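Subject: Structure for you to look at

Hello,

Here is the structure I said I would pass on. My notes on what was found in it follow below.

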Amino acid sequence: MRLDEFRARFPIFQRRIYVNSCSQGALSIDVDAAVRAYLDSWHESGSPWEMWVEQVERLRARFAASIGADADEIAVVPSASAGINAIASALGFDGPRSEVVVGDFEFPTMAHVWLAQQRRGASIRRACAPAASPDTLPLEAYDAVIGERTLIVPATHVCFRNGHKTDVAGLVRLAHGRGAYVFLDDYQRTGAGPIDVHALGVDFMVTGCLKYLLAAAGIGFLYARRDLITRLEPTVTGWFGRVNPFAFRIDAIDWPGGANRFESGTPPVPNAYAALAALELLDRIGYDAVGRQIDRLVARYACAARDAGFVVRTPAAPERRGPLVVVQSVDGPALVERLAARGIVASCRGHGLRVAFHAYNDDGDVDAVVSALSAESALLERRRA
């Protein structure tokens, strides 16, 4: 599929400049049709649960293939929070390893889940961004705090506040060299380019369909490395975490051998329809093509913003930035409103204006955003000469 054909499947571009994939992926005609197909099946058959569960299984296999994993290493979960909690609840903190190293760039959910484990004996250590470069988090920050008592290192791949991209392969080597697990939060990147979890060597990964996977809220994925799965028995569980949920046993817990042991309640079927359609669409264009287009647009936009004298918080080095570019504003919410009035959909976190690209964006979108920012430059911080 060509880039222009991909873009044509997202009707919002007939009305808006959409650069907000970091918050919500644009709606395709494919996802729209899939949700309607779910509703049609409900109308037609009433309660076709076997068909609905099969749709979830198709999604599991499709997502696994997209990240270089096997289907039995994937749990389909209602949110990233559910996936993180399942793993956290399965770990013990009463042994020689009880420390969790949390970096400064984590999304609140990842930090909160591990902070809550302090009641169970976990000790939290921080990997801090250097004061001289607060929008970077080099491996040296982790090197300073990962030690012989570290159990797990949760780490975001791309920071939601500044677009910084973690050196995941380097972090895995560092953590594994000291006997600690790595739990990757890939929510701000999955779908924005190719990824191979086996090649990266991460132990766990969580992500969701809301952003660059171009589907809806209410569904996500947990990857667990196969050799770790049967060692872990989560206390956050439910009937779909059993060998056969429809056995309806209440006298014992049996654990399946795959990552579905980390699932809990009834699967989010409507969102599975949407997610499967989105993944099939992404497969048609290919993750390599997606990644190339995003990298090109990010470079074009970041360069133009710097040339205009704006404060770009996202690292300049291509290997240290993701699909999200953050430009500092003096009033982020007001700037988002001004851009909306100009037909541009973006978002902010604090006063950082977030512009995020996908393969459906093009050079015209970049130029439109840069032109709008120039017109609204009173709301932007300027670099000091």
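The largest cavity is lined by Ser-66, Ile-67, Thr-190, Gly-191, Gly-193, Ile-195, Leu-213 and Tyr-287. Please keep in mind, here and below, that this is a predicted model. The volume of that cavity is about 30 Å³, and the structure holds one cavity of 30 Å³ or more. By class, its lining has four nonpolar and four polar residues, and no charged ones.

Next, the pockets. The largest pocket has a volume of about 280 Å³. Its lining is made up of 19 residues, and Ala-80, Phe-107, Thr-109, Tyr-187 and Lys-211 are those that lie nearest its centre. Which helix gives the most to this lining? That is α4, with three residues. Both α4 (80-90) and α5 (108-116) supply at least two residues of the lining. Sorted by class, the lining of the largest pocket has eleven nonpolar, six polar and two charged residues.

The second largest pocket has a volume of about 240 Å³. There are 16 residues in its lining, with Lys-165, Asp-295, Pro-318, Arg-321 and Gly-322 nearest the centre. The classes in this lining are seven nonpolar, three polar and six charged residues.

On to the nonpolar cores. The largest one has 100 residues, of which Phe-6, Ile-67, Tyr-142, Tyr-301, Leu-353 and Leu-373 touch the most other members. Helix α10 provides the largest share of this core, twelve residues. Another core, of 32 residues, lies apart from it, and its members include Val-77, Ala-88, Ala-122 and Val-206. Ile-67, listed above for the largest core, is also one of the residues that line the largest cavity.

Leaving aside neighbours within four places in sequence, Leu-353 is in contact with Tyr-301, Val-325, Val-326, Val-327, Leu-335, Val-336, Leu-339, Ala-346, Ser-347, Cys-348 and Leu-373.

Asp-365 is part of helix α13 (residues 363-375). Is Asp-365 buried or exposed? Asp-365 counts as buried because its relative accessible area is 1%, under the 20% limit. Its side chain makes a polar contact, at 2.8 Å, with the side chain of Arg-7. Apart from neighbours within four places in sequence, the residues in contact with Asp-365 are Arg-7, Phe-13, Ile-17 and Tyr-360.

Last, two backbone angles to look at. Most residues other than glycine have a negative phi. Leu-214 is not a glycine, yet has a positive phi of about 65°. Leu-214 sits in the loop between β7 (204-208) and β8 (220-224), and is buried, with a relative accessible area of 2%. Phe-248 also has a positive phi, near 55°. The place of Phe-248 is in the loop between α9 (226-229) and α10 (269-285). With a relative accessibility of 56%, Phe-248 counts as exposed, whereas Leu-214 is buried.

Regards

Technical notes:
Residues numbered from 1 in each chain as written. Predicted model: local features only at pLDDT ≥ 70, side-chain atom pairs only at ≥ 80, totals over all residues. Heavy atoms only, no water. Helix = DSSP H or I, 4+ residues; strand = E, 2+ residues; numbered from the N terminus. Buried < 20%, exposed > 50% of the residue type's maximum accessible area, 1.4 Å probe, protein only. Polar contact = N/O pair within 3.5 Å; in protein donor to acceptor, adjacent residues only side chain to side chain. Contact = heavy atoms within 4.5 Å. 1 Å grid on protein atoms, 1.4 Å probe; cavity = no way out; pocket = protein on both sides within 12 Å on 5 of 7 lines; lining within 4 Å. Points joined across faces, edges and corners; volume = space filled by probe spheres on them. Nonpolar A, V, L, I, M, F, W, Y, C, P; charged D, E, K, R; others polar. Core = buried A, V, L, I, M, F, W, Y, C linked by side-chain atoms within 4.5 Å.
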